[in-house]
Amino acid sequence: MTYSIKQVSQITGLSIYTIRYYDKQGLLPFVKRDSSGYRAFTDADMSLIHTICCLKNTQMKIADIKQYIDYCMIGPESIEARKTLLLNHRAAVVKKQQALLEGLDEIDLKLSVYTDSNAKEIIGTMFTYLKEQ
């Protein structure tokens, strides 16, 4: 089965503009054109687009995504390079995730104070302490 760019947009939630941008950046070298020159996406293409979206959603840079896709286009010989790229990206994602969790812990701490039945007293005491410093 093939999909038009409009169908890909509807399925993935990516705008048509974003899909065209990804294509111009070299992220979609696998997408063929039909006899009219329109992009014709296959199920295999959709799988790679899903991977591109996952990498982008984890803040991988377009240049690194392009490198990953280029490795994919080489074939099995590039498995080690792909693995290295993804391991490095995974480490960066885990680091960001840990920072987010620390921030979330602080938010939860503040919310526990604000939802406490003695919130006004607790905040008043903290406010007084801060003013005295």
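This briefing covers a nonpolar surface patch and the salt bridges of one structure. The model is predicted. A search of the whole structure finds five salt bridges, and the nonpolar patch has an area of about 630 Å².

**Nonpolar patch**
- The patch is made by Leu101, Leu104, Ile107, Leu111, Tyr114, Ile123 and Met126.
- Two elements, helix 5 (79–114) and helix 6 (119–132), each give two or more residues to the patch.
- Helix 5 supplies the largest share, with five residues.
- Met126 belongs to helix 6 and is partly exposed, because its relative accessibility is 37%.

**Salt bridges within helices**
- In helix 4 (residues 62–74), Asp70 and Lys66 lie four residues apart, about one turn of the helix.
- Their side chains form a salt bridge with an N to O distance of 2.9 Å.
- Asp70 has a relative accessible area of 28% and is partly exposed; Lys66, at 30%, is also partly exposed.
- Lys110 and Glu106 form a salt bridge at 3.8 Å, N to O.
- This pair sits in helix 5, and its members are separated by about one helical turn because they are four residues apart.
- Lys110 is partly exposed at 33% relative accessibility, and Glu106 is partly exposed at 41% relative accessible area.

**Salt-bridge network**
- Within it, the side chains of Asp23 and Arg39 meet at 2.7 Å, N to O.
- Asp23 is in helix 2 (residues 16–24) and Arg39 in strand 3 (residues 39–42), so the bridge ties together parts 16 residues apart in sequence.
- Arg39 is buried, with a relative accessible area of 16%.

Conventions:
Residues are numbered from 1 along each chain as its sequence is written. This is a predicted model: local features need pLDDT of at least 70, side-chain atom pairs count only at pLDDT 80 or more; totals for chains, interfaces and linings use all residues. Side-chain values use heavy atoms; hydrogens and water are left out. Patches are made of residues with over 30% relative accessible area and no salt bridge: like charges are joined within 9 Å, nonpolar side chains (Val, Leu, Ile, Met, Phe, Trp, Tyr) within 5 Å. Accessible areas come from the Shrake-Rupley method with a 1.4 Å probe; for residues, only the protein chains shown count as cover. A salt bridge is a side-chain nitrogen of Lys or Arg within 4 Å of a carboxyl oxygen of Asp or Glu. Buried means under 20% relative accessible area, exposed over 50%, partly exposed in between (1.4 Å probe, protein chains only).
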